[in-house]
Amino acid sequence: MSVIEVKNISKYYGKVCALDNISVKFESNKIYGLLGRNGAGKTTLLNLITNRLFPTEGEITIDGDTVIENDKAIEKVFYMTEKNLYDEGHTVKEIFKWTNEFYQSFDLDYAFSLCDKFDLKPSKKIKSLSTGYNSISKLITTLASNAEILIFDEPILGLDAYHRDLFYKELLANFIKKPKTIILSTHIIEEISDILEKVVVINDRKIAIDDSVEKILGNAYCVSGSSENIDQFIKGRNPVNIEQMAAFKSATITGQLNDNDREAAKKLNLQFSKVELQKLFIYLTKGGRQQ
Amino acid sequence: MFLDFNSEIPIYLQIAQSVEDDIIKGIFKEETQIPSTTEISVSYKVNPATVAKGFNILVEEGIVYKKRGVGMFVKEGARNKLKEKRKENFYITYIERLLEEAKKLDISVGEIIKMIERSS
């Protein structure tokens, strides 16, 4: 058990609304992607879940217990933030030992073995690390915390392709060995779309999408062909994006694709292709208001 | 095992098809183990629930079976069963598509037959 329930949460900074009456449930033993454009309210939501901010209205619970000033609920969560929250004069090893004090389930051996894999020297001071290695030290601390809920805010900031690949693999291995609730808040959607089971999209201060990746992608398709034939095909359908190059046109359409659609497309010489989660995200949040 | 992440076919179906392919090719032999959920999930960076969904198809079709605490094994007779299934689909998957493309290019059936005879 490690279920996060966000119920009717609103958050105002003065008169500025950051989250407007949102409700969402993060179920146990699933990997979630928390997506949204810059300033959409992702970090605000994560800070509310981890009791770093107080909501203006609403309630958040972990396994039924409120998160406000409640160690019992909060200690189930390990939150990797974008910012460094500790004194940067400490070494990586000291951070591990310090975390071990607060998280009884912290696995020191696992942390050191991850340092080996990522080629991070535990004797290094945090302030001497590059952006990438700073992220890596935080990733390792989070993975090794063994908390029931792991939250990563922009985990791959500054990581090169090799280290990103390694992180995704270690994350999955960790999750399979001991299932837990994982929330990945990120802008790099395409790389992680197959890792995720569910996706929550915040747009314009509200929850825009809350569904499984499979359902989201199963409910959209891309079709292309000659401009006139595409125009004919999209009549009465729901295109979220249309791209045209000379006489060629492609349309991304939301809705289920059935045999009749396939037959109609075949007659018009149209071709279907996969919609990527990232592209769908771009189309659906195009109108999102920036703060 | 080969997965195409740009394909229109969902990943869980590709996982099932890919294991089937390797059984037909004789890479995964009958009564031997296929890769574990962990192996596929970690090496292809795919959610384990997606892999499990692919495996379920194979279990339901009677292609593989689960040995408790060990993993998934290829059933006896799986290879022939898969060959029969693929033969049934051969017309739709290959012949229909071939004729479609040929029609676009104005290639007659007679010409296609000549091509096949030349290559065999």
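Residues are numbered from 1 along each chain as its sequence is written, while chains are lettered from A and ligands numbered from 1 in the order in which they are written. Since the model is predicted, local features need pLDDT of at least 70 and side-chain atom pairs count only at pLDDT 80 or more, whereas totals for chains, interfaces and linings use all residues.

**Exercise 1. Confidence**

Find which element of chain B has the lowest mean pLDDT and which has the highest.

Solution. Begin with the term itself: pLDDT is the predictor's confidence in each residue, from 0 to 100. Chain B averages 94 on this scale, and 100% of its residues score at least 70. Next come the elements, where helices (H or I, at least four residues) and strands (E, at least two) are DSSP runs numbered from the N terminus. Among the elements of chain B, the lowest mean, 91, belongs to helix 4 (residues 78-104) of chain B, and the highest, 97, to helix 3 (residues 48-60) of chain B. The model as a whole scores ipTM 0.86 and pTM 0.90.

**Exercise 2. Domains**

State how chain A and chain B are divided into domains, and describe the contact between the domains of chain A.

Solution. Domain bounds come from an automatic or database domain assignment. For chain A this assignment gives domain 1 (4-215) and domain 2 (219-284), whose C-alpha centres are separated by 36 Å. Two residues are in contact if their C-beta atoms, placed from the backbone, lie within 7 Å, and by this rule eight residues of domain 1 of chain A are in contact with six residues of domain 2 of chain A. On the domain 1 side of this contact, helix 7 (189-192) and helix 8 (213-218) of chain A are the elements that give two or more residues.

Chain B is divided into domain 1 (11-76) and domain 2 (79-119), with C-alpha centres 29 Å apart. Here the contact takes five residues from domain 1 of chain B and four from domain 2 of chain B.

**Exercise 3. Where the chains meet**

Work out which element of chain A gives the most residues to the side that touches chain B.

Solution. First count the contact: 14 residues of chain A are in contact with 14 residues of chain B. Then look at the elements of chain A, where helix 6 (161-177) and strand 14 each supply at least two residues of the side that touches chain B. Helix 6 of chain A gives the most, with five residues. Finally, sort this side of chain A by class, counting Ala, Val, Leu, Ile, Met, Phe, Trp, Tyr, Cys and Pro as nonpolar, Asp, Glu, Lys and Arg as charged, and the others, Gly among them, as polar; the result is eight nonpolar, one polar and five charged residues.

**Exercise 4. A sheet and its helix**

Solution. Two strands pair if DSSP finds at least two bridges between them.

- Strand 1 (residues 4-13) and strand 2 of chain A are joined by seven bridges, and Ile9(A) has Ile22(A) as its bridge partner in strand 2.
- Five bridges join strand 1 of chain A to strand 4 of chain A, where Lys7(A) is partnered by Glu59(A).
- Strand 4 and strand 5 of chain A are joined by two bridges, and Thr61(A) stands opposite Thr66(A).
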